Amino acid sequence: MSNLKIAVLDDSANASQRVADWSVLNDADVTVFTDTLKAESELIERLRHFDVVCLMRERTPFPASLIKALPKLKLIITTGPRNLSIDMAAAAALHIPVCGTESRKTTTSEFAMLLMLTQSRGLLTEVNSMRETGWQSSLGRDLAGLDLGLIGLGKIGEQMATLGKAFGMTIHAWSPNLTTARCESLGVQYQPDLSSLMANTDIVSVHMVLSERSTHLVNAAAFASMRNDALFINTSRGQIVDQQALLDGLHNGKPLKAALDVYDEEPLPMDSPLRDTQLTESGRLLLSPHLGYVTEQTWKVFYSQTVDAIAAWQNGAPIRQLN
Ligand SMILES: NC(=O)C1=CN([C@@H]2O[C@H](COP(=O)(O)OP(=O)(O)OC[C@H]3O[C@@H](n4cnc5c(N)ncnc54)[C@H](OP(=O)(O)O)[C@@H]3O)[C@@H](O)[C@H]2O)C=CC1
Ligand SMILES: O=C(O)C(=O)CO
C-alpha cells in the first residue's frame, strides 16, 4: 500500500510527535489536527483524503453520514475501549474496521484523587487569593476519616477504593449490578441503592460506563439525599449526571462543592451554564478539560497501540476490533 494518509484528531498539542513512532509504518503520511471540528461539512472537507482516522476519545462526532461521505476511509482507530461518537454499525456496513486501545486505570483514578484533594483543601481559591496578595481564607478538610462513595466499582472504581483506603477513608460503593461479594473482596461497604450511597458518604465519585441505562443516573433526587458539606466528582462521562440537577443542587448547597472533568459536550461550550462564575470563582465548582487520562504514560500506550494496529492492518495481521 503506498502513501497511507493518516489523520490524527488530538487536542493535546505536540503529543503525537513526542510519544508516537510513526516511522515503523510503511510509507505513511501523518497529519495531526489539534482543533475540534463539529460541523459535518467541515469534517468532510478535512478528512476526505485520509485512509485512516485516529480519534483521541469522543470529541468528534462520527455518524453514519460522515463515514459514508469519506471515500478513502479504510480504518478508524479510537483510544480507549469504546467510543460512543462512532456509528459502529455504519462502519461495519462499509467494512471499515474500528480498533480500540487499552487504557491505564491508574491515570484517571489519580486524577480523581487530585480533584478530591484540591476541592477538600480549597486549593484553587487559596492559590488565587495568594496571587492577589491575600492570605488563607478557608478551612480545608482531611480525607482521612471521611466516607468515600463510589458509583461503579469496575476497573477505575477498584483503583479508587485502593487509593481512598491509602488516605484513611472508608469506602462505600453502589452500581446497578454490583454484588456484595465484589465489595467484600475489595474491603468496600456495599450500599443497596444510589440514595443510600449519596446519604452515607462525604465524597461521591462517579466511575460508571455511559449507555442508555446510565444516562442521568445521578439526578435531582440523588443530589437531594447528599450530606451537608458533600463533595461530588465526575471523571466518567458528562451524561451520567443530570447537569441541570447538579447546578440546582449546587445552588441549594447539595452538593456543597463539585469537580467535573467530563461534559455532555466537549470541548465545553463557552456559553455552558456550568461556567457559572458565581460557582467557579467561589471555588465551589471546579471544571477541568477532560484531563483524567491525559498523561505521558497513557498517551504512550494509546499511540504505541495505535501505530501497532495500523502496522498490523497494513500487513493483514489480526487487529483489536471494537464491536
Ligand atoms: N476522564 C477521563 O479521562 C477518563 C474517563 N473514563 C471513564 O471512566 C468510566 C469508568 O471506566 P472503567 O472503570 O474502565 O469502566 P468499567 O468497564 O470497569 O465499568 C465500570 C462500571 O460501569 C458499569 N457498566 C459497564 N458497562 C455498562 C454499560 N454498557 N452501561 C452502563 N453501565 C455499565 C458496570 O457497573 P454494573 O456492573 O453495576 O452495571 C461497571 O462496573 C467510564 O465512563 C470511562 O469512559 C475512563 C478513562 C479516562
Ligand atoms: O476510556 C475512556 O473512556 C477514556 O476517556 C479514555 O480512555
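Author: A nitrogen atom of ligand 1 lies 2.6 Å from an N or O atom in the side chain of S211, a polar contact being a pair of N or O atoms within 3.5 Å, where within protein one must be able to donate a hydrogen and the other to accept it, and residues adjacent in sequence count only if both atoms are side-chain atoms. The model is predicted: local features need pLDDT of at least 70 and side-chain atom pairs count only at pLDDT 80 or more, while totals for chains, interfaces and linings use all residues. Residues are numbered from 1 along each chain as its sequence is written, chains are lettered from A and ligands numbered from 1 in the order in which they are written, and side-chain values use heavy atoms, with hydrogens and water left out.

The backbone also takes part in the contacts of ligand 1: an N or O atom of the T235 backbone is 2.8 Å from a nitrogen atom of the ligand, and one of the V209 backbone is 3.1 Å from an oxygen atom of the ligand. Taken alone, ligand 1 exposes 930 Å², of which the protein buries 82% (accessible areas by the Shrake-Rupley method with a 1.4 Å probe; for residues, only the protein chains shown count as cover). Around ligand 1 there are 23 residues, of which S175, N177, M208, S211 and Y293 come nearest (a residue is near if one of its heavy atoms lies within 4 Å). This shell divides into 7 nonpolar, 11 polar and 5 charged residues (Ala, Val, Leu, Ile, Met, Phe, Trp, Tyr, Cys and Pro count as nonpolar, Asp, Glu, Lys and Arg as charged, and the others, Gly among them, as polar).

Y293 also belongs to the surroundings of ligand 2, together with R57, G80, P81, R82, S103, R237, H290 and F302. By class, that shell has 3 nonpolar, 3 polar and 3 charged residues. Oxygen atoms of ligand 2 take part in several polar contacts: a polar side-chain atom of R237 lies at 2.5 Å, an N or O atom in the side chain of S103 at 2.8 Å, and a polar side-chain atom of R57 at 2.9 Å. Ligand 2 exposes 230 Å² when taken alone, and the protein buries 86% of that.
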